[in-house]
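Work through the exercises below with the sequence and the coordinates side by side.

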Amino acid sequence: MIVINVISLIFLVALVAYIVCFLCKYRVIPQSLSITAEYSGRYTWWKLTMCISMGWMSYYYPTVYPYRSFYLEPDYGLLPMLAVAGVAGLSMAGYYSYFPGEEDKQTLMVHKIGSFLGAVCIVLFYVFSGSNVWQILAIFACLLALGFLIKGKRKGYPDGNSVVFWLEIGVVYLVASDIIDHFLQNIG
């Protein structure tokens with residue numbers, strides 16, 4: 001189990017480092033994490049990274065939470081399947097990231113729906129798995145307010161809100177606290 005936690009920590013550190021480096025280098029708040037690929041022009045790397053890291057998380061959840069369910073039969077593991085559906089949605093959304101040269105209505109819709117449903121599934125997983133619901137709601141309410149107050153930038157487009165970016169940061173926080181918590185439990 002410690003190997004799973006270490007690999008998960010590596011992915012987590014890489015994602016957080018990517019976000020911090022982006023914010024320091026470009027000094028802008030993007031409209032969403034996927035838009036960060038526009039600034040560097042590395043769309044292929046972004047898509048591969050999202051698919052690989054979300055693919056890892058689809059292994060992480062059923063391994064770390066093997067037989068949790070919605071209080072139905074304990075052997076079905078419906079709760080981890082909810083988290084796996086969430087990371088699959090985020091993986092697909094990452095693959096269909098914004099690409100200014102090829103952006104059409106269909107890929108933009110796949111990206112938006114995949115991101116939204118993926119994030120909702122992951123948040124529901126944490127709510128149903130016994131996390132503090134009020135803490136989660138308070139964090140997301142604060143991040144939602146930040147998103148409306150802070151303008152999000154996108155290359156070549158007018159500034160919009162940064163709600164999606166901040167809510168993605170909230171999902172990263174939930175997953176990060178889970179990974180760190182499991183790592184500390186396994187080494188302690």
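**Exercise 1.** In this predicted model, work out which helix supplies the largest share of the nonpolar surface patch, and how exposed Val3 is.

*Solution.* Begin with the membership of the patch: Ile2, Val3, Val6, Ile10, Ile180, Leu184 and Ile187 together make a nonpolar surface of about 610 Å². The largest share, four residues, comes from α1. Finally, take Val3, which lies in helix α1; its relative accessible area is 55%, and because the cut-off for exposed is over 50%, Val3 counts as exposed.

**Exercise 2.** Describe the largest nonpolar core, stating which residues have the most contacts inside it and which helix contributes the largest share.

*Solution.* The core has 36 residues, and those with the most contacts inside it are Met57, Tyr60, Tyr61, Ile122, Phe125, Tyr126 and Val175. Tracing the core back to the helices, one finds that α1 (2–26), α3 (43–64), α4 (78–95), α5 (105–128), α6 (133–149) and α7 (163–187) each supply at least two residues. The largest share, nine residues, comes from α3. To see how one of these residues is placed, follow Val175: when residues up to four places away in sequence are not counted, Val175 touches Met57, Tyr61, Ile122 and Tyr126.

**Exercise 3.** Classify the ring pair Phe22 and Tyr26, then the pair Phe125 and Tyr126, and decide for each residue whether it is buried, partly exposed or exposed.

*Solution.* The structure holds 10 aromatic pairs. For Phe22 and Tyr26 the ring centres are 5.0 Å apart and the planes stand at 40°, so this pair is tilted. Both residues lie in helix α1, four residues apart, which corresponds to about one turn of the helix. Their accessibilities fall into separate classes: Phe22, at 5% relative accessibility, counts as buried, whereas Tyr26, at 25%, counts as partly exposed.

Turning to Phe125 and Tyr126, the centre-to-centre distance is 4.9 Å and the angle between the planes is 75°, and the pair is edge-to-face. Phe125 counts as buried at 0% relative accessibility, and Tyr126 counts as buried at 3%.

**Exercise 4.** Determine whether Gly114 is buried or exposed, and which residues it contacts beyond its neighbours within four places in sequence.

*Solution.* First locate the residue: Gly114 is found in helix α5. Its relative accessibility is 14%, and since buried means under 20%, Gly114 counts as buried. Leaving aside neighbours within four places in sequence, Gly114 is in contact with Gly89, Leu90 and Ala93. For one of these, Leu90, the separation from Gly114 is 24 residues in sequence, while the C-alpha to C-alpha distance is 5.8 Å.

**Exercise 5.** Find where Arg27 lies, and state what can be said of its phi angle and its exposure.

*Solution.* Arg27 lies in the loop between α1 and α2 (36–40). Although Arg27 is not a glycine, it has a positive phi of about 50°. With a relative accessible area of 71%, Arg27 is exposed.

Methods
Residues are numbered from 1 along each chain as its sequence is written. This is a predicted model: local features need pLDDT of at least 70, side-chain atom pairs count only at pLDDT 80 or more; totals for chains, interfaces and linings use all residues. Side-chain values use heavy atoms; hydrogens and water are left out. A nonpolar core is a set of buried Ala, Val, Leu, Ile, Met, Phe, Trp, Tyr and Cys residues joined through side-chain atoms within 4.5 Å. Buried means under 20% relative accessible area, exposed over 50%, partly exposed in between (1.4 Å probe, protein chains only). Contact means heavy atoms within 4.5 Å. Patches are made of residues with over 30% relative accessible area and no salt bridge: like charges are joined within 9 Å, nonpolar side chains (Val, Leu, Ile, Met, Phe, Trp, Tyr) within 5 Å. Accessible areas come from the Shrake-Rupley method with a 1.4 Å probe; for residues, only the protein chains shown count as cover. A salt bridge is a side-chain nitrogen of Lys or Arg within 4 Å of a carboxyl oxygen of Asp or Glu. Rings of Phe, Tyr and Trp (its six-membered ring) pair if their centres lie within 6.5 Å; planes under 30 degrees apart count as stacked, over 60 as edge-to-face and the rest as tilted.
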